Amino acid sequence: MGYLEWPILKQIFSLCYTVMHFICENITPNVGVAIVIYALFVHVLFIPFSIKNHIDKKRNQRAATEIKQLKEEFAQLP
């Protein structure tokens with residue numbers, strides 16, 4: 001069974017094609033500009049995930065420093 005036969009990939013490719021086709025037909029016939037617009041669209045679409053990733057990374061850094069301090073404290077105990 002090839003990757004293109006997976007139902008979820010068919011849906012994703014269909015959505016990508018539909019968006020790209022819409023851009024080429026309604027916004028600009030230039031394929032290069034359409035690709036740039038599509039890339040910007042996808043980037044904007046993933047901004048919430050980027051923000052969440054950034055917040056989680058900061059939270060993990062804070063937790064790592066607290067864990068390091070606790071390890072140093074308990075290392076000094078007899």
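This is a predicted model: local features need pLDDT of at least 70, side-chain atom pairs count only at pLDDT 80 or more; totals for chains, interfaces and linings use all residues.
Residues are numbered from 1 along each chain as its sequence is written, and side-chain values use heavy atoms, with hydrogens and water left out.

Begin by selecting residues 7-27, helix α1, together with α2, which covers residues 31-45; helices here are DSSP runs (H or I, at least four residues), as strands are (E, at least two), numbered from the N terminus. The two helices pack at an angle of about 130 degrees, with their axes 10 Å apart, where axes are lines fitted to C-alpha atoms, for helices over the stretch in contact, and angles run from 0 to 180 degrees between N-to-C directions. α1 and α2 are therefore oblique to each other (under 35 degrees counts as roughly parallel, over 145 as roughly antiparallel, 65 to 115 as roughly perpendicular, and the rest as oblique).

By class, the contact of α1 with α2 has 11 nonpolar, no polar and no charged residues (Ala, Val, Leu, Ile, Met, Phe, Trp, Tyr, Cys and Pro count as nonpolar, Asp, Glu, Lys and Arg as charged, and the others, Gly among them, as polar).

Now move to T28, which lies in the loop between α1 and α2 and is buried, with a relative accessible area of 12% (buried is under 20%, exposed over 50%, partly exposed in between, with a 1.4 Å probe and protein chains only). T28 touches I23, V33, A34 and I37, not counting residues up to four places away in sequence. Of these, V33 lies in helix α2 and is partly exposed, at 37% relative accessible area.

Finally, select α2 with helix α3, residues 47-75, which pack at about 45 degrees with their axes 4 Å apart, and are therefore also oblique to each other. Here H43, V44 and L45 in α2 meet I47, P48 and F49 in α3, a contact with five nonpolar, one polar and no charged residues.

How values were computed: Contact means heavy atoms within 4.5 Å.
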